[in-house]
Amino acid sequence: MARTATIVRETSESKVKLSLNLDGTGKTDIDTSVPFYNHMMTALGKHSLIDLKIKATGDTDIDAHHTVEDIAIVFGEALKQALGDKRGIRRFADATVPLDEALAKAVVDISGRPYCVCTGEPEGFEYCMIGGHFTGSLVRHVMESIAMHAGICLHLHVISGRDPHHIAEAEFKALARALRFAIEPDPRVDGIPSTKGAL
């Protein structure tokens, strides 16, 4: 059964169409209307091996926040839909990813229970403007939105970093690699990987 999803979300603030294939090769076609976010979502698809197509527009003349948030919500919803009952997946995974001086670690549990903990971003990171449109505070907001709408537990920790671009990119890539392994079918798993019998 194909692990795919397509979701359209339209509000007075944004319009998002997103398609993904969990068993892809990392092929992406990303147009979020926020250039730095294009870069981050392209990295997320590429390094998770999730084929990802996003077309989004929104009130970016006001702020990137609404469009960025709505894309994260839709990505989380699509991830949850494509995972189905989560039969046969590895479920848990972690990844530590460097980008020059920056180092980030992500740990995920495809648990069905949404939870997000983000720690270690340097003081003032949330106020940095990255790429002219994207504030550092949006990284945590994206991670929280994905976790809440996908129903996953995510712990993300910045171990080191100085350059805001490097820090954000290491965080997205760490999430991507952790997701890659957590959602991957495990040939030794028969059924749903939970003592409860459901996730």
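**Helix packing and a pocket**

Tutor: Begin with a crossing: α3 passes α4 right-handed. A crossing is right-handed if the near helix is turned clockwise from the far one by less than a right angle, and left-handed if anticlockwise. Helices (H or I, at least four residues) are DSSP runs, numbered from the N terminus. This is a predicted model, where local features need pLDDT of at least 70, side-chain atom pairs count only at pLDDT 80 or more, and totals for chains, interfaces and linings use all residues. Residues are numbered from 1 along each chain as its sequence is written, and side-chain values use heavy atoms, with hydrogens and water left out.

Student: At what angle do α3 and α4 pack?

Tutor: α3 covers residues 137-150 and α4 covers residues 164-182. Axes are lines fitted to C-alpha atoms over the stretch in contact, and angles run from 0 to 180 degrees between N-to-C directions. The axes lie 10 Å apart, and the angle is about 15°.

Student: Is α3 roughly parallel or roughly antiparallel to α4?

Tutor: Angles under 35 degrees count as roughly parallel, and over 145 as roughly antiparallel. The packing angle here is about 15°. That makes α3 and α4 roughly parallel.

Student: Which residues of α4 meet α3?

Tutor: Contact means heavy atoms within 4.5 Å. From α3 come Val139, Val142, Met143 and Ile146. Their partners in α4 are Ala168, Glu171, Phe172 and Leu175.

Student: How many charged residues are in the contact of α3 with α4?

Tutor: Ala, Val, Leu, Ile, Met, Phe, Trp, Tyr, Cys and Pro count as nonpolar, Asp, Glu, Lys and Arg as charged, and the others, Gly among them, as polar. The contact has 7 nonpolar and no polar residues. The charged count is 1.

Student: How far apart are the axes of α1 and α4?

Tutor: These two helices pack at about 30°. They are therefore roughly parallel. Their axes are 7 Å apart.

Student: Which handedness has the crossing of α1 and α2, left-handed or right-handed?

Tutor: α1 spans residues 35-48 and α2 spans residues 65-83. They pack at about 15°, with axes 12 Å apart. Their crossing is right-handed.

Student: Which helix gives the most to the lining of the largest pocket?

Tutor: Residues lining this pocket include Met1, Arg3, Gln81 and Lys86. The lining divides into 5 nonpolar, 3 polar and 4 charged residues. With 3 residues, the top contributor is α2.

Definitions and conventions
1 Å grid on protein atoms, 1.4 Å probe; cavity = no way out; pocket = protein on both sides within 12 Å on 5 of 7 lines; lining within 4 Å. Parallel < 35°, antiparallel > 145°, perpendicular 65-115°, else oblique.
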